[in-house]
Amino acid sequence: MTIAVDFDGTIVEHRYPAIGKERPFAVATLRQLQRDMPDLHLILWTVREGELLEQAVAWCAERGLEFYAVNSNYPEELPSPSAGNQGCRKVTADIYIDDRNLDGLPEWTEIYRRVRGEHINAPTESRHSFISRLFTRIPVKKDNIYE
């Protein structure tokens, strides 16, 4: 399995170009996934480049979080001159973890459960989507009884 994970706003609070504080359980969850899933390929997928990217990779490494690849599909992928000498900007993954997801970023404990298949598509009370709320039947009070 391959997981692409964003840095700013996902692993750390969004303070770009500075590095924000770690989001609770982000690094611990990713490291636990790596331990529990030996074949996991974890890709750091971020808008950062150059020195800012090096700082993010170093920040993660200082906390014991290593990546299979950074802004690329595999470690040996070379930057492309046609892409401004950057790595691949669209990585291929089975799962993308990003604070810009349609429903936002779940708590890291929830991310762990979903990746491990322990909690699939079961929304919590506070995370009902707009569509599900739109089509949910609203109780109507009739003769002091809700129908």
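These legends go with a set of close-up views of one predicted model. Local features are taken at pLDDT of at least 70 and side-chain atom pairs only at pLDDT 80 or more, while totals for chains, interfaces and linings use all residues. Residues are numbered from 1 along each chain as its sequence is written, and side-chain values use heavy atoms, with hydrogens and water left out.

View 1. Helices (H or I, at least four residues) and strands (E, at least two) are DSSP runs, numbered from the N terminus. Read from that end, the elements go β-α-β-α-β-β-α-α-β-β. Of the 147 residues, 31% are buried; buried means under 20% relative accessible area, exposed over 50%, and partly exposed in between (1.4 Å probe, protein chains only). Taking contacts (heavy atoms within 4.5 Å) with a separation of 6 or more, 64% are between residues 24 or more positions apart. The accessible surface, by the Shrake-Rupley method with a 1.4 Å probe, is about 9700 Å², and carbon and sulfur atoms hold 53% of that.

**View 2. An open sheet of four strands, ordered S3-S2-S1-S4.** The pairing is parallel, and two strands count as paired if DSSP finds at least two bridges between them. Strand S3 (69-70) and S4 sit at the edges, each pairing on one side only. Look at the S2 and S3 pair: they run parallel and are joined by two bridges. Leu-44 has Val-70 of S3 as its bridge partner.

**View 3. Helix H1 (residues 26-36) and its buried residues.** Here you'll find Ala-26, Val-27, Thr-29, Leu-30 and Leu-33 buried. Down the axis of H1, the buried residues stay within an arc of 165 degrees (taken from the directions from the helix axis to the C-beta atoms), so they line one face of the helix. Their packing partners are strand S1 (2-5), strand S2 (41-44), helix H2 (50-62) and helix H3 (108-115).

**View 4. Arg-48 and Asp-8, a salt bridge between two loops.** A salt bridge here is a side-chain nitrogen of Lys or Arg within 4 Å of a carboxyl oxygen of Asp or Glu, and by this rule the count is six. In this one the N to O distance is 2.7 Å. The pair ties together distant parts of the chain, 40 residues apart: Arg-48 comes from the loop between S2 and H2, Asp-8 from the loop between S1 and H1. Both ends are tucked away, as Arg-48 is buried at 0% relative accessibility and Asp-8 is buried at 4%.

View 5. Glu-110 is buried, with a relative accessible area of 8%, whereas Arg-113 is partly exposed at 32%. Arg-114 joins both of them in a network of salt bridges.

**View 6. Around the loop between strand S4 (95-97) and H3, where Gly-104 is found.** Gly-104 counts as partly exposed, at 22% relative accessibility. Thr-10 is 94 residues from Gly-104 in sequence, but their C-alpha atoms are 9.9 Å apart in space. Also worth a look is the salt bridge of Arg-100 with Asp-99 (3.7 Å, N to O). Arg-100 is exposed at 64%, while Asp-99 is buried at 19%.
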